[in-house]
Amino acid sequence: MPMLDPTTEYFEGLGRRGHERRLEAVSGILRFDLRRDHGTDHWLVAIEKGNVTVSRECNPADLILRADGGVFDLIASGVTHPVAAWLRNELTLEGDQRLSALFVRTLPERPGVRHRRRPVGEGRAAR
């Protein structure tokens, strides 16, 4: 089985989840246009009151996010925060930018970063 890039893993995993409780209050369609050597990859994420579907279509969307595929690999793996990429103009948004908060809620946490509200040692076995 070939190894998947972080972007494919992220979108396929998101599609398998099916329902996201954190997204129940919102609906919208986000399209990701990611530039690669071979052209542009498209990912369409439709959210309907928490129900999430993912496809590879290039359909109209409420929000279009554009980035280099390598940059998005870093975002999808939690290494780069999308706001930082946006501030560096590595990620652009077109359309209803309020929906970008939906996308951020679905991303993995940065590797090795402790959640600011989680006390140190929480979730670890006592020694």
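Let me start at one residue pair: glutamate 48 has asparagine 51 as its bridge partner in β3. Strands here are DSSP runs of E, at least two residues, and helices are runs of H or I, at least four, numbered from the N terminus. This is a predicted model, where local features need pLDDT of at least 70, side-chain atom pairs count only at pLDDT 80 or more, and totals for chains, interfaces and linings use all residues. Residues are numbered from 1 along each chain as its sequence is written, and side-chain values use heavy atoms, without hydrogens and water.

Back to the strands. Isoleucine 47 has valine 52 as its bridge partner in β3. In total, five bridges join β2 (residues 39-48) to β3 (residues 51-55), and the two run antiparallel. They form a hairpin with two residues between them. Lysine 49, in the turn, has a positive phi of about 50 degrees.

Pairing takes at least two DSSP bridges between two strands.

Next, helix α2, residues 69-76. Contact means heavy atoms within 4.5 Å.

Why is α2 largely enclosed by the rest of the structure? Six of its eight residues are buried, so the rest of the structure largely encloses α2. Buried means under 20% relative accessible area, with a 1.4 Å probe and protein chains only. The buried residues are Gly69, Val71, Phe72, Asp73, Ile75 and Ala76. They pack against α1 (6-17), β1, β4, α3 and α4.

Last, the lining of the second largest pocket. Among its residues are Leu65, His81, Trp86, Gln97 and Phe103. A pocket is an open set of points on a 1 Å grid where a 1.4 Å probe fits, with protein on both sides within 12 Å along at least five of seven lines; lining residues have an atom within 4 Å of a point. α3 (82-87), β5 (91-95) and α4 (100-105) each give two or more residues to this lining.

Key
Buried < 20%, exposed > 50% of the residue type's maximum accessible area, 1.4 Å probe, protein only.
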